[in-house]
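Reader: I am new to this structure. Could you take me through some of its helices and contacts?

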Protein chains: 2
Amino acid sequence: MGINLTNFLSSKSKNTRMIDFQDLDHVDGLSISVVSANLYKDNRDDLSMFYFRNGANYASVYTQSKILSENIKWNLNQNNQKVYSLLVNTRNANAFTGKHGYESIKKLADLISKKLTEKQIEDEETPKKILPKEIMFGCTGTIGEPFPYEKIKNKITNLVNKISYTQNKFLWMKAGLGIMTTDTKPKLAMEECKIGNEKVKIYGIAKGSGMIHPNMATTLAYVFTDANLSNDVLNKLLKKNITTTFNAISCDGDTSTNDMVTIFATNKANNSLIKNINDKKIRNFDLALNNVLLNLAKRVVSDGEGSSKFITVNVEKCKNEVDAKKIAFSIANSPLVKTAIAGEDPNWGRIIMAIGKAGPEINLKKLSIKFGNIKIVSDGQLIQNYDEKIVANYMKNEHIELDIEISTGIKNFTAYTMDLTNKYIEINSDYRS
Amino acid sequence: MGINLTNFLSSKSKNTRMIDFQDLDHVDGLSISVVSANLYKDNRDDLSMFYFRNGANYASVYTQSKILSENIKWNLNQNNQKVYSLLVNTRNANAFTGKHGYESIKKLADLISKKLTEKQIEDEETPKKILPKEIMFGCTGTIGEPFPYEKIKNKITNLVNKISYTQNKFLWMKAGLGIMTTDTKPKLAMEECKIGNEKVKIYGIAKGSGMIHPNMATTLAYVFTDANLSNDVLNKLLKKNITTTFNAISCDGDTSTNDMVTIFATNKANNSLIKNINDKKIRNFDLALNNVLLNLAKRVVSDGEGSSKFITVNVEKCKNEVDAKKIAFSIANSPLVKTAIAGEDPNWGRIIMAIGKAGPEINLKKLSIKFGNIKIVSDGQLIQNYDEKIVANYMKNEHIELDIEISTGIKNFTAYTMDLTNKYIEINSDYRS
């Protein structure tokens, strides 16, 4: 299984570069360290530290689940101008782990801040005393199992010792691999752009394969930039761009307790600090950030558990964006639509079903449906000379694009999803191991 | 595949009789005729006529989809005190069939009313001229294909000629089989009860296997009683009892364009006409009707496409029933919960996930979870000495019962669903044939 990413270049609506792997290099002010704490049975990397030697401005969006993992509660409880480190573990979600889970995070924050302060004293001219509250955490894996505090604690010294002040594509690949759970591929993306005359970088990594449905944020994704941006600007940029990227994807309609997307800015670039979201100098950065987030989000979908096809659902000309989104996700989350696409069956009747059940009022006489460039329904009528063979042939593609025109207004929404295959059932009905 | 129905006797909450097949016999005032119109490739029965020689009072609930099939539009457009016939075809949903679909229904109503009037003249002492608007239609099958009007029209004379004024268990079985699509078993249920001192019968048949999610009604179900009840009472009884029966089941979360549940009363029993829903004499009938509807609804779930396990989700002690229902269906519709159960994995972390994403506020400290009689989470804590082996053993049962206590109020809701298996994917990704 697995979808060839280069095919997404054909996606009409977005010109995201979807080459297999871009060559990420160094972001000034960021350091990375990745080890194995043996959280899995094999000794794959499962613990990653991101260290900002001079701190980073940041902004986060979190899951909207009413049950939050303990690390997310920790992150929400801190209130800093800057963070100095992010620790990410896989295999265990630290969700529904109660007091032990939260205390573990607290003790890890104590230990990491102590070790990183020692490192500051060794390496920096004007060392900074790093505080526990300046450490963030990302956790992903099984819900409800005891948090493997000891195993992680025992690796902190090792992690700090292995910190590398510069990155190259191999280290980014290692970090991308180090945050994976059931993912089959690491997810990396990058853009470069200018703020004023100064070149800046936007690098990102993400993980996610199942339990993917948008609700503010989805899965884990971390974006790093050397740009000089205030927390307020980062926050507004992230919220603005999450809607059409990580909040536009769905693998199985399920929402995790651990979702987290964070952007970190090391402020090492030479651009003058941007404090206002309306500053025109930020426009290129805004677009480039959207590209990075969409690129990562699409990679999550394309690696969706058991996926054999990437599906783009464009819902157009609705009264408002809420309606467009409801219809798009009603289609994108329908098991009957997703199994039909897995079977390469152009069963457009199921699209009709999903539009009908979505909720918004439909004027059937105005409805149009295209599969790729092939018109099927026009003004509420099956087109004359409809030839199913042509559409059946289109369904053999790895990237299926559904265009739905509701024609009751001017608002659009695009959702991205995958098909539903036997492989999904196999992956998720396998007893945990 | 297929679930052994006798096991549902263990379902704690409802004492519905779930023996494999009950022996339905005759309902006074009802006649049935079933033929094949060759709508499928084999010559299975696919066209069923229910005829009320002296008319029937009735009440219906229909799909809440914004796209209605043409037969449902027809039914909604008529406004009668009594109906004289219901015609049900399978293979074709008559949805998104436009003007041709609606005109076909209209022409069929003309033809049927004419043929049945001829039959009245032949058979009745005081023949009644049956009107087109006194004919109802149920359609089920593929959406968007041209309605096979000619094939059906050509069978009407044959159907009317074959009308049998009495029923026995074989004819009911034939009718149950005659309205099936992807179902693997016919669904029949019956109860007898008294209104005052008079014995009355409540017989029902249903079909449904995929595209099952509650939204007012689900799938096709037809209930026949000889009781003497007004349309208003029938309507109130149906609306009241649909909530905990057909609106409490889900196979795959998808909602059809054709859902329809109708109750017909031939008024042949000797009870004096009940006109008021608060009449105490109706209480036994109310309970018996709930049993018939729940029995049918459970049979639909147990025959859900590819199902290997029947799942009861009891959500208890919520602030209100809306919250309880949201949480119950968040669990019942989660692909991750359903695949875990298919894999006999007691992955209760996924139940936590589904509770969290449901929407209502949760006080984690009050949450309790049981699988069958096995306590897993109590007051928000994994129980001490939790032994996964015991739960894993429980998961081997064909009927899995999940008990979730939210403990923020006093309202409950029970949802019924099935697991999600490879077989579901196979059935639904097979190219239509």
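Reader: Which strands and helices do the buried residues of helix 8 of chain B pack against?
Author: This is a predicted model. The buried residues of helix 8 of chain B meet both strands and helices of chain B. The strands are strand 9 (310-318), strand 13 (399-405) and strand 14 (411-418). The helices are helix 9 (335-342) and helix 10 (348-357).

Reader: How many of the 12 residues of helix 8 of chain B are buried?
Author: Being buried takes 20 or more other C-beta atoms within 10 Å of a residue's own. In helix 8 of chain B the buried residues include B:D323, B:K325 and B:F329. The helix is largely enclosed by the rest of the structure, because the buried residues number 9 of the 12.

Reader: What span does helix 8 of chain B reach from its first C-alpha to its last?
Author: Helix 8 of chain B covers residues 321-332, which is 12 residues. At 1.5 Å a residue, 16 Å is expected. The span in the model is close to that, at 16 Å.

Reader: Which element of chain B gives the most to the side that touches chain A?
Author: The contact takes 50 residues from chain B and 50 residues from chain A. On the chain B side, helix 9, helix 10, strand 12 (381-382) and helix 12 (422-429) each supply at least two residues. The most, 8 residues, comes from helix 10 of chain B.

Reader: How do the residues on the side of chain B that touches chain A divide by class?
Author: Chain B brings 50 residues to the contact. They divide into 20 nonpolar, 21 polar and 9 charged.
Author: Next come two helix pairs.

Reader: Why are helix 1 and helix 2 of chain A called oblique to each other?
Author: Helix 1 (residues 70-77) and helix 2 (residues 98-123) of chain A have axes 9 Å apart. They pack at an angle of about 55°. Angles under 35 degrees count as roughly parallel and 65 to 115 as roughly perpendicular. The two helices of chain A are therefore oblique.

Reader: What is the handedness of the crossing of helix 1 and helix 2 of chain B?
Author: The axes of these chain B helices come within 9 Å and cross at roughly 55°. That makes helix 1 of chain B oblique to helix 2 of chain B. Their crossing is right-handed.

Notes: Residues numbered from 1 in each chain as written. Chains lettered and ligands numbered in written order. Predicted model: local features only at pLDDT ≥ 70, side-chain atom pairs only at ≥ 80, totals over all residues. Axes fitted to C-alpha atoms, helices over the stretch in contact; angles between N-to-C directions. Helix = DSSP H or I, 4+ residues; strand = E, 2+ residues; numbered from the N terminus. Parallel < 35°, antiparallel > 145°, perpendicular 65-115°, else oblique. Expected span 1.5 Å × (residues − 1). Contact = placed C-beta atoms within 7 Å. Nonpolar A, V, L, I, M, F, W, Y, C, P; charged D, E, K, R; others polar. Left-handed = near helix turned anticlockwise from the far one by under 90°.
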